[in-house]
Number of protein chains: 2
Amino acid sequence: MAVYTHVSDEALEAFLSAYDLGRALSFKGIAEGVENSNYLLETERGRFILTLFEKRVAQADLPYFIALKQHLAAAGFPCPAPVAARNGAALRVLEHRPALIVTFLQGLSPRRPTPAQCAGLGAALANMHLAARDFAMTRTNTLGAASWPRLFNDNVAGADALEAGLGVRIAGDLAALADFPAASLPQGTIHADLFPDNAFFEGDRFTGAIDFYFACTDALAYDLAICLNAWAFDDHAQGTDYNYTKGRRMIEAYQSVRPLSGAERAALPMLARGAAMRFFQTRFHDWTATPPGALVRPKNPLDYARRLDFHREAKGPEDYGA
Amino acid sequence: MAVYTHVSDEALEAFLSAYDLGRALSFKGIAEGVENSNYLLETERGRFILTLFEKRVAQADLPYFIALKQHLAAAGFPCPAPVAARNGAALRVLEHRPALIVTFLQGLSPRRPTPAQCAGLGAALANMHLAARDFAMTRTNTLGAASWPRLFNDNVAGADALEAGLGVRIAGDLAALADFPAASLPQGTIHADLFPDNAFFEGDRFTGAIDFYFACTDALAYDLAICLNAWAFDDHAQGTDYNYTKGRRMIEAYQSVRPLSGAERAALPMLARGAAMRFFQTRFHDWTATPPGALVRPKNPLDYARRLDFHREAKGPEDYGA
């Protein structure tokens, strides 16, 4: 949530001179995204987001992410569309960093999504999956099932320090997820991080998705399972509840655009459990790696431990409203 | 440079319902200002900045700052104009903090101001002084000359730790500034912090000033002296140079709108020395108060020690181009 790299006005002017965007009229660092420096840029031609990629995003993957956004935008899916310079290149260099201009998306990110917004998100996710069907590039999911035991690294004691008994439960979940079914299900391009932060709405109407920097090739239904975890649980002081109404509406809306196969539907509880494990592990990793007292506190992994509790007990897809 | 307070979409919607601004179309935290949380808010009626005041700005002073911006905007000076709710109140409450909506200003803050921008700034500063002539409220400059020895607190050792011999030089400057002439010069409302960060330009055309949270009643020429320190010195690895061209053009442009009196012109070197002392002392204070290794590094006070070196040797106003 910070601007890491400052851009001088001379550097911006020189950078913009390679585009057909006219002069800069306004340029403000925005607190969006934790991985990169983002600026809201207004020029004589409209509004844009300028991103400077900091170290954490693998530079070798940038062409994939940019091509995906170009593909989705061209197919009519509302997402930031990369803007090419006059020489045809969208990915350029500014202040010694890879830099990209994309179109600006209007809308607000919901903090507490409504059931109607969950439905809008479900339909949008299916639309994104269809729009990406003929996208030719692929990218391995580096945070797939194989990564979860590696991230956990048998740190039962660390998990127990977070909550008594958690270490054994996580180890049991990892064992149950050893034959994670994603690879046997219909594959495609997934967003893989479509949290409410990364979606915009005007009222209940979905207006776009951003932050494709975890996008990869994986089971389409796994993307839906990630969204169920991110949108259909209500976190509160006493714990976390699955909001059946939100989940059911998201799944129904998804299926109204792209019906799930029998195998996808049957796999939904395990996919949801895997999705919760993926976010538990990355948050647990960041949590244990951050010294106490650091200014930026990582997200508490316990929200996802609570989701795992739910998934562990789920009897079948009907428990999710599918 | 951070958003401190998060605003939920429900809270924003409830807050906006008291204004005639329509619905929110976009809402982004911006990395502007270090004291408050600032959001760029787009509604059906246009673009605005929403500020949530954090602890560091004295809440008792907020009515003064808001009235000043209202006065200046009404007088045609380009600055953020406070927007009142339907009940007439501009200062309201959001997420348990005082909150204010102001109009959005277009333009870019120069990182390295050009001589033409220094001229634009000088004319704008004089225009602001004239626009505020009939502003009825006053506010004491809490960072005036009396505060500098208090801030320094005889910390010769701390200054010497920053640079050998600095402590004695600062103590000598403070002695020389004991009869600081500001009180005897024409008084008015001054911005008191009009650094390039707080000014917007389109090319060389001044489009507005922001961040009036140090504004106060003091010598008008002292405001010009602050700007000479902030705009007309070139900092580089080897030290700091007064840029005579930039300073001269700023002073000339100021005088084209509001000519300096003979006493103001004669006092310019001492006013400039005092202005440098004011920023040296607050930076020195923040510098010594910040633990090593903190994520947010305060500004290095040595840039202002270098300006003091220049002012100490200045023979008269002609050394500044006046």
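**A friendly note on the A/B pair**

1. The model is predicted, so to speak of conventions first: local features need pLDDT of at least 70 and side-chain atom pairs count only at pLDDT 80 or more, while totals for chains, interfaces and linings use all residues. Residues are numbered from 1 along each chain as its sequence is written, chains are lettered from A and ligands numbered from 1 in the order in which they are written, and side-chain values use heavy atoms, with hydrogens and water left out.

2. The same surface serves both of them, as 100% of the contact residues of chain B recur in chain A.

3. Now the extent of the interface. In contact (heavy atoms within 4.5 Å) are 34 residues of chain B and 35 residues of chain A. The buried area is about 2900 Å², with 53% coming from carbon and sulfur atoms; this is the accessible area (1.4 Å probe) that the two parts lose on being put together, summed over both. On the chain B side, B:K28, B:L108 and B:R111 lose the most area to chain A, together 22% of what that side buries.

4. As for specific interactions, the rule finds four salt bridges across the interface, each a side-chain nitrogen of Lys or Arg within 4 Å of a carboxyl oxygen of Asp or Glu. A salt bridge joins the side chains of A:E10 and B:R112, at 3.0 Å from N to O.

5. Which element gives the most to the side of chain B that touches chain A? That is β1(B), with seven residues. Strands here are DSSP runs of E, at least two residues, and helices runs of H or I, at least four, numbered from the N terminus.

6. Finally, two backbone spots to look at. Most residues other than glycine have a negative phi. A:D211, in the loop between β8 (205-209) and β9 (216-219) of chain A, has a positive phi near 60°. B:A192 also has a positive phi, about 75°, and is found in the loop between β6 (187-190) and β7 of chain B. At 5% relative accessibility, B:A192 counts as buried (under 20% relative accessible area, 1.4 Å probe, protein chains only).

Technical notes
Buried < 20%, exposed > 50% of the residue type's maximum accessible area, 1.4 Å probe, protein only.
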